[in-house]
Amino acid sequence: MKKILPLTGGMRGDFEIPGDKSISHRSIILSSLGDSTVEVSNFLAGADCLSTVDCMKSLGAKIERSGEKILITGNGLHGLCEPENILDAGNSGTTLRLLLGLCAPQKFLTTFTGDDSLRRRPMARVIKPLTQAGASIFGRNSNKNLPITVLPATKRLRGINYQMPVASAQVKSAMLLAGLYADSPTTIIEPAPSRDHTEKMLAAFGARLERSNNAIKIFPAEKLIAPEKISVPGDISSAAYWLVLATILDGSDVTIKNVGVNETRTGILDVLGDMGAKIEICSVRTSGGERAADLRVVSSKLHGVEFGGEMIPRLIDEIPAIAVAAAFADGTTIIRDVGELRVKETDRLAAIVDEFNKISPETFSATGDSLIVRGGREKFFAACKTRADHRMAMSLAIFGAAAKGVELDDDSCVKISYPNFFDTLLK
Ligand code: S3P
């Protein structure tokens, strides 16, 4: 249980944020497929990425910590080995979906499980295209829930053309990883661009990829050539809480250092900007194909906006934080096309409506796949449930801090993506 008191006065100073979760996962997976040692700095040692570390170790990679850095040595693209036990992806959809893609073409058997939340999440979306490419994967019931078993591949997977029904970087990445081992190129067509960290990192490892509009084609590879170092930028999804809180708290002026500003992830900057936030993007630099910058944010008055469509994949994980901003804005915010929120770590659409309304009654509602936020209503102290979802916990915490305080039933779930979140909030 955690009680957050209202924050008086604005936020000031410089903020460091943890490394990007998506890029940290990919740095472990791809480095395990090279045959030299890669030093990863600013790796996010959150529970999700540690699930990936454990799974990749079970698949034969050598992974060790050296101070703040992680050293990974693989046995080459074709050097993975059969795990001796079931692989546990914990709470992590990224671990599970990407590794299903990686294991589908292997000549050995793999079985996956995960925690209560992950065992409920739909996996058919990734098993279907992998099966189409020739893999044999079995899950529980028609949603292909965990536990899932990948049978040994008896021949090479086929290169396929796959039109994804939903924009999902996890499904795309699974197909890209499987495509490395296929007998011909694999093409994935997305309905809207999702985060492209896998493509960027694969290119940095020497894989051949071609992009045209929303189609991405990967060519089979004999080997990957690992870079000596990968420097992970800060996670914009973690920066989101400070971007929102500093904006809505009067008298704030903060700089968030070294934030990843890959175009496929910066929807929150565009939307908060449209709402009237003052966010300056400073010192933009590029490292390992990924852009990073410092973000300076000063408090400002917000107004409601409407958005949806191609914007959604660019800010899908930031919607709970954006909904908090919208509750402090003048007027109504309408966020369309957010059905995917229903299949995140919890049903985030229901969680936002049920839990956020405890702080600001009659503010949040859902109609079909839209979230509607009527801003400017009265806020109260409330006891809220995080539903063991890290992004719900952090969004509720900043909501309470900017309102009349909040009591959270469980705060431990922030370990998934931002282990020292409360230290930073309460400092
Ligand atoms: C992620 C992709 C997104 C995102 C998740 C991380 C990734 O999920 O919500 O937190 O690292 O590829 P989907 O692929 O389901 O959209």
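**Exercise 1. Backbone geometry**

In which strand is Ser-283 found?

Solution. The model is predicted, so local features need pLDDT of at least 70 and side-chain atom pairs count only at pLDDT 80 or more, whereas totals for chains, interfaces and linings use all residues. Residues are numbered from 1 along each chain as its sequence is written, and side-chain values use heavy atoms, with hydrogens and water left out.

Step 1. Ser-283 belongs to strand β16 (residues 278–287); strands are DSSP runs of E with at least two residues, helices are runs of H or I with at least four, and both are numbered from the N terminus.
Step 2. The phi angle of Ser-283 is near 45°, a positive value in a residue other than glycine.
Step 3. A cis peptide bond runs from Leu-146 to Pro-147, with omega near -5°. Pro-147 is part of strand β9 (residues 145–150).

**Exercise 2. The largest pocket**

Determine the volume and the lining of the largest pocket.

Solution. Step 1. The volume is about 610 Å³. A pocket is an open set of points on a 1 Å grid over the protein atoms alone, with protein on both sides within 12 Å along at least five of seven lines; a cavity is a set where a 1.4 Å probe fits but cannot get out, and lining residues have an atom within 4 Å of a point. Points are joined across faces, edges and corners, and a volume is the space filled by probe spheres set on them.
Step 1. The lining of the largest pocket comprises 40 residues, and those closest to the centre are Ala-167, Ser-168, Ile-316, Glu-340 and Lys-344.
Step 2. Two or more lining residues come from each of α1 (21–31), α3 (93–103) and α6 (169–179). Helix α1 gives the largest share, four residues.
Step 3. By class, the lining of the largest pocket has eleven nonpolar, eleven polar and 18 charged residues. Here Ala, Val, Leu, Ile, Met, Phe, Trp, Tyr, Cys and Pro count as nonpolar, Asp, Glu, Lys and Arg as charged, and the others, Gly among them, as polar.

**Exercise 3. The ligand**

Solution. Step 1. The ligand takes the space of the largest pocket; this assignment requires more than half of its atoms to lie within 2 Å of the grid points.
Step 1. The residues around the ligand include Ser-22, Arg-26, Thr-94 and Arg-195, where a residue is near if one of its heavy atoms lies within 4 Å. The shell has three nonpolar, four polar and five charged residues.
Step 2. An oxygen atom of the ligand lies 2.7 Å from a side-chain N or O atom of Asp-317, and a ligand oxygen is likewise 2.7 Å from a side-chain N or O atom of Lys-344. A polar contact is a pair of N or O atoms within 3.5 Å.

**Exercise 4. The cavities**

How many cavities of 30 Å³ or more does the structure hold?

Solution. Step 1. There are two such cavities.
Step 1. The largest cavity holds about 40 Å³ of space. Its lining consists of Arg-125, Tyr-162, Met-164, Pro-165, Val-166 and Val-171, that is, five nonpolar, no polar and one charged residues.
Step 2. The second largest cavity holds about 30 Å³, and its lining residues include Asp-20, His-197 and Glu-290.

How values were computed
A polar contact is a pair of N or O atoms within 3.5 Å; within protein, one must be able to donate a hydrogen and the other to accept it, and residues adjacent in sequence count only if both atoms are side-chain atoms.
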